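Here's a quick briefing to read alongside the model. Have a look at the fold first, then work through the notes.

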Amino acid sequence: DTATITSTAIERFAAHWTALQAEEWYGTQGAELRKSRAEGWERFASLGFPHRGQEAWRQTTVEAISEGDFSRDAVGHVTGSEVAVCGPPAVATVVLVNGVYHPELSQFDELPDTISVTPLLDELATGTVAREYFATAATDKEHPFLAMNDALWTGGVFIHGLKSDQPDAVPLHILHIGSGTDQLMNQTRTLVAAEAGTNMAI
């Protein structure tokens, strides 16, 4: 029974939504962002998990997600040497471990001043540019996983590019590393704002 499975799965993820709202930082992120999250959860609860009876998903199974018993807060332990093995050498690299941005593991020696990388939550709290772009990105209201992410995302970065005179695009490598458990749910978001004249390749 697809309806029963979907209902049960949503109840399982509702526990993550409840736990998220109880976290200390949740109330500090501003009313606008809390409203966006609540609307995302309402959409997800209404849409439910996609299934093969839907044309767009008829060749895709999501049971591994809908039936999974995931941890949302697993703390990852990764060393700089482990990061070096994963990423290309001599390239600016943004490192996220279990969905959380780690500037101390990231490498920005090759990154010009025209490109900045900051934690997304911090930037949304203090920067008007991030808020402007955030409001216009990822606007598909009928995608269930986007709705889930609208509600549950907790990590991520804001990458802001300004006009550059460099003739070649600056490579920026985003490296996501999972550590600590096989049943880990990373709800992260990368927001890229490329102003006119930005020259970077992600």
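**Sheet pairing and overall build**

Strand 5 and strand 7 (residues 200–201) run parallel, joined by 2 bridges. Strands here are DSSP E runs of at least two residues, helices are H or I runs of at least four, and both are numbered from the N terminus; two strands pair if DSSP finds at least two bridges between them. This is a predicted model: local features need pLDDT of at least 70, side-chain atom pairs count only at pLDDT 80 or more, and totals for chains, interfaces and linings use all residues. Residues are numbered from 1 along each chain as its sequence is written, and side-chain values use heavy atoms, with hydrogens and water left out.

**Strand partners**
- Met200 in strand 7 is the bridge partner of Val170.
- Strand 5 (residues 170–177) also pairs with strand 1 (residues 92–97), in the parallel sense, over 6 bridges.
- Across from Leu96 you'll find His176 of strand 5.

**Fold layout**
- There are 7 helices and 7 strands in the chain.
- Their order along the sequence is α-α-α-α-β-β-β-α-α-α-β-β-β-β.
- The C-alpha trace spans about 55 × 40 × 35 Å along its principal axes.

**Packing and charge**
- Of the 202 residues, 41% are buried, meaning under 20% relative accessible area with a 1.4 Å probe, protein chains only.
- Take contacts (heavy atoms within 4.5 Å) between residues at least 6 apart in sequence: 78% join residues at least 24 apart.
- The chain carries 12 positive and 27 negative side chains, counting Lys and Arg as positive and Asp and Glu as negative, without His or the chain ends.

Key
Buried < 20%, exposed > 50% of the residue type's maximum accessible area, 1.4 Å probe, protein only. Charge placed at Lys NZ, Arg CZ, Asp CG, Glu CD.
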